[in-house]
Amino acid sequence: MIAGVLGMLTTLRWLFKRPVTAHYPDQHLPVQERYMGFPALLWDESAEEPFCTGCMVCVRECPTQCMSAEMMDNPKFTDGSSHRRKIIETFEINLNRCILCGICVDVCAFDAIEMSYEHELASYGRAGARADLGLLLDGGRRYQVEASWVPENADKNVAGVALAKKAAAAKAKAQDAGTGAEGSDGAEGDA
Ligand code: SF4
Ligand code: SF4
C-alpha cells in the first residue's frame with residue numbers, strides 16, 4: 001500500500017516537471033554561440049556586395065569537393081565604390097556532402113565565409129541540398145545578425161574601411177609630394 005502511494009507520488013512529481021525535450025520541428029531550441037552549422041557567405045554592407053572574391057582557395061581545399069564557384073570582374077571596382085577587383089558570380093555548396101569541417105572558413109583570407117547557425121537540411125527534391133549563391137548569402141546575413149558578426153580583418157576586407165584607408169594614403173602621399181616639391185624649389189632658389 002505504502003509502496004503504491006510512493007509510486008503514485010513519483011509519477012505525479014514527474015508529471016509536473018518541466019520537459020527536457022522539445023517538440024521539433026514545432027519547437028526550436030536556441031543554438032549555442034559556438035555551434036557550427038552549414039557554411040554561409042557573408043555580406044559587406046558598406047559596398048552592398050558579398051565579401052567573397054571568388055578566389056577559389058576554399059573550393060580547392062574542401063576535402064569533400066562539395067563547393068564550386070566562378071568569379072567575375074567587379075563593376076563596383078570600376079566605379080570606385082569597392083576595393084574588390086573581382087567578385088563572386090556563382091557559388092554552390094552541396095550540403096549533402098559537406099562534413100562541417102570548417103576548412104573553407106580557415107583558409108579564406110577575405111572574411112567571406114563562416115560556419116553559420118543553419119542546420120536544417122530536409123527537402124523534397126534531390127537537388128534540395130545544393131545551396132546556391134542566394135541561399136548562402138541569405139544564411140550568411142542571418143548569421144551576421146544573430147552572432148553580431150564582425151570581420152577579423154576589417155582594414156583589408158570591408159570595402160568602406162579599405163577605400164577610406166586608400167584615400168587617406170593617397171592624400172598623405174600627395175601632401176608629401178607637394179612638400180617635397182616646395183622643398184626642392186626652395187633648394188633651387190638658394191643655389
Ligand atoms: S565545411 Fe568542410 S566540407 Fe563543408 S564546404 Fe567547408 S571545407 Fe567543404
Ligand atoms: S569564400 Fe573566401 S576562399 Fe572561398 S572563394 Fe570566396 S573569398 Fe575565396
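Residues are numbered from 1 along each chain as its sequence is written, and chains are lettered from A and ligands numbered from 1 in the order in which they are written. Because the model is predicted, local features need pLDDT of at least 70 and side-chain atom pairs count only at pLDDT 80 or more, while totals for chains, interfaces and linings use all residues.

**Stop 1: helix 5**

Select residues 133–146, which form helix 5. Helices here are DSSP runs of H or I with at least four residues, strands are runs of E with at least two, and both are numbered from the N terminus. Helix 5 has 14 residues and reaches 20 Å from its first C-alpha to its last. That is close to the expected 20 Å at 1.5 Å a residue, where the expected span is 1.5 Å times one less than the number of residues.

Now colour Leu136, Leu137, Gly139, Gly140 and Tyr143, the buried residues of helix 5. Buried means 20 or more other C-beta atoms within 10 Å of the residue's own, exposed means 12 or fewer, and partly exposed lies in between, with C-beta atoms placed from the backbone. Look down the axis: the buried residues of helix 5 fall within an arc of 160°, so they line one face. The arc is taken from the directions from the helix axis to the C-beta atoms.

On the other side, pick Gly134 and Val145, which are exposed.

Next, show what covers the buried residues, including strand 1 (39–41), strand 5 (86–94) and strand 7 (130–131). Contact here means C-beta atoms, placed from the backbone, within 7 Å.

**Stop 2: Leu135**

Leu135 also sits in helix 5. It counts as partly exposed because it has 18 C-beta neighbours inside 10 Å.

**Stop 3: past the helix**

Ser148 follows helix 5, with a positive phi near 45°. Move on to Val150, in the loop between helix 5 and helix 6 (154–157). Val150 is exposed, because 9 other C-beta atoms lie within 10 Å. Asp111 is 39 residues from Val150 in sequence and 9.2 Å away, C-alpha to C-alpha.

**Stop 4: the ligands**

Which residues are closest to ligand 1? Select Cys62, Cys98, Cys101, Ile103 and Cys104, the closest of 14 around ligand 1. A residue counts as near if its C-beta atom, placed from the backbone, lies within 6 Å.

Finish at ligand 2, surrounded by 13 residues, with Cys52, Cys55, Cys58, Cys108 and Ala112 the closest.

Key
Contact = placed C-beta atoms within 7 Å.
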